[in-house]
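Please read them alongside the sequence and the coordinates.

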Amino acid sequence: MSLYDYGLGTLAQYELTADRSARTRGALLCYTAQGLLILREFHGSEKKLEKQQELLMKLQENGINTDYFLRNNQESLVSKDKTEQRFTFQHWYEGKECDTKSREDILKSVRTLARLHILMKMEPVEELQGKISQGGNISGTIRSFVRYANLYGTKEHPMYLRKIYLASVEQFLERAQYAVKLLDETDYDDLRERAWREGQVCHGEYNQHNVLMLKGDHLGTAVTNFGHWSFDIQVADLYRFMRKILEKYNWNLELAGEMLREYHKIRPISAEEWKNLRVRFTYPEKYWKLANYYYTHRKTWISVKNNRKTNKI
């Protein structure tokens, strides 16, 4: 019997039964009297989960569909099966993920994010603040570029990767250094401090997989998988979503402008946030991630997929 078959046993703690169930990515969908629910194994902090539920219920009460949690008959968000594995049940929705080939879906997701950010404010909790400042992250990455260049000059990595990296590292290092220069010219620390004082919350993983276009509802969306939320500058969410989309459109400036305008119409972007977005888009994050992946894993073989990623950059 599989992990999620055991997890189904926790339904009794919610006084529910499943008419049928279906596997989905890393979870199990359950069709119950309370509607569609999703069962997942839980590994995190229950304290953070309670704050997450507080956030989700606030959004739900203000018209944003979320995957909020059910409480069991002990009023807990987490239930244990007979093997002591922990599970959660969340409300789920009939719909499809944001289609990255559809501009309508993309812009609808941006508008949803803007509405989300207006509502996503909570009393700050120290341990849930974003862990690394943007400045520290970029400065550390510049040092990484140099370290990787030294490593890729050895025989520890495939010749193909070494040639690509050594031929391109100077160009991307210059971009990273320019990003630091731009960052130094902004009031980043003040921006981050203001976000903290206001209790601004980031989703943390706002991408096409976590925005559902609801079935039978032309305008409706649902936002899911808030497990990486934290207190931070909210345009970080906007940047991450835009980067994911624009990579698929060869960095189409017209689409980028549309996305920024749609967001700004609902949740205005301040002058300092515009500067911060410029820093984020200047910094060669994707290049660093691929280089870091091969450096830390000491890969001796490169997948076809990552070959394509490297060449695209």
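1. A residue is called buried when its relative accessible area is under 20%, exposed when over 50%, and partly exposed in between. By that cut-off helix α7 is mostly covered, with 10 of its 14 residues buried. The buried set consists of V235, A236, D237, L238, Y239, F241, M242, R243, I245 and L246. Two charged types, Asp and Arg, are thus represented in it, as D237 and R243.

2. The model is a predicted one. Its protein chain holds 11 helices and 11 strands. Of the 313 residues, 51% count as buried. Taking contacts between residues at least 6 apart in sequence, 71% join residues at least 24 apart.

3. Just after α7 comes N250, with a positive phi of about 55 degrees. N250 is not a glycine, and most residues other than glycine have a negative phi. The residue sits in the loop between α7 and α8 (253–266). Its relative accessible area is 68%, and therefore N250 is classed as exposed.

4. The loop between β4 (65–66) and β5 (79–80) deserves a separate look, starting with N73. N73 has a relative accessible area of 41%, so it counts as partly exposed. The C-alpha atoms of N73 and Q13 are 5.6 Å apart, although 60 residues separate the two in sequence.

5. Q74 belongs to that loop between β4 and β5 too. Its relative accessibility is 65%, which means that Q74 counts as exposed. From Q74 to Y14 the C-alpha distance is 8.9 Å, again across 60 residues of sequence.

6. E75, also in the loop between β4 and β5, has a positive phi of about 65 degrees without being a glycine. With a relative accessible area of 57%, E75 is exposed.

7. Five strands form an open sheet in the order β1-β2-β3-β6-β5, with antiparallel pairing. β1 (18–24) and β5 stand at the edges with a single partner strand each, so one side of each has no neighbour in the sheet. Strands of a sheet pair through backbone hydrogen bonds. Within this sheet, β2 and β3 are joined by five bridges in the antiparallel sense. Y31 is placed opposite L36 of β3.

8. Which residues of strand β9 are buried on its two faces? V211 and M213 are buried on one side, and L212 and L214 on the other, so both faces of this strand (residues 211–214) are covered. β9 pairs with β7 (residues 95–97) in the antiparallel sense over three bridges. In that pairing, G95 has L214 as its bridge partner. β9 also runs antiparallel to β10 (residues 221–223), to which three bridges join it. There, L212 stands opposite A222 of β10.

9. The second largest pocket has a volume of about 820 Å³. Its lining comprises 34 residues, and R40, Q90, N225, F226 and G227 lie nearest the pocket centre. The elements that give two or more residues to this lining are β2 (27–32), β3 (35–41), α2 (46–61), β6 (86–91) and β7. β3 gives the most, with four residues. By class, the lining of the second largest pocket has 11 nonpolar, 15 polar and eight charged residues.

10. Two of these points share elements. β3 is a member of the open sheet of five strands and gives the most to the lining of the second largest pocket.

Definitions and conventions
Residues numbered from 1 in each chain as written. Predicted model: local features only at pLDDT ≥ 70, side-chain atom pairs only at ≥ 80, totals over all residues. Heavy atoms only, no water. Buried < 20%, exposed > 50% of the residue type's maximum accessible area, 1.4 Å probe, protein only. Pairing = 2+ DSSP bridges. 1 Å grid on protein atoms, 1.4 Å probe; cavity = no way out; pocket = protein on both sides within 12 Å on 5 of 7 lines; lining within 4 Å. Points joined across faces, edges and corners; volume = space filled by probe spheres on them. Contact = heavy atoms within 4.5 Å.
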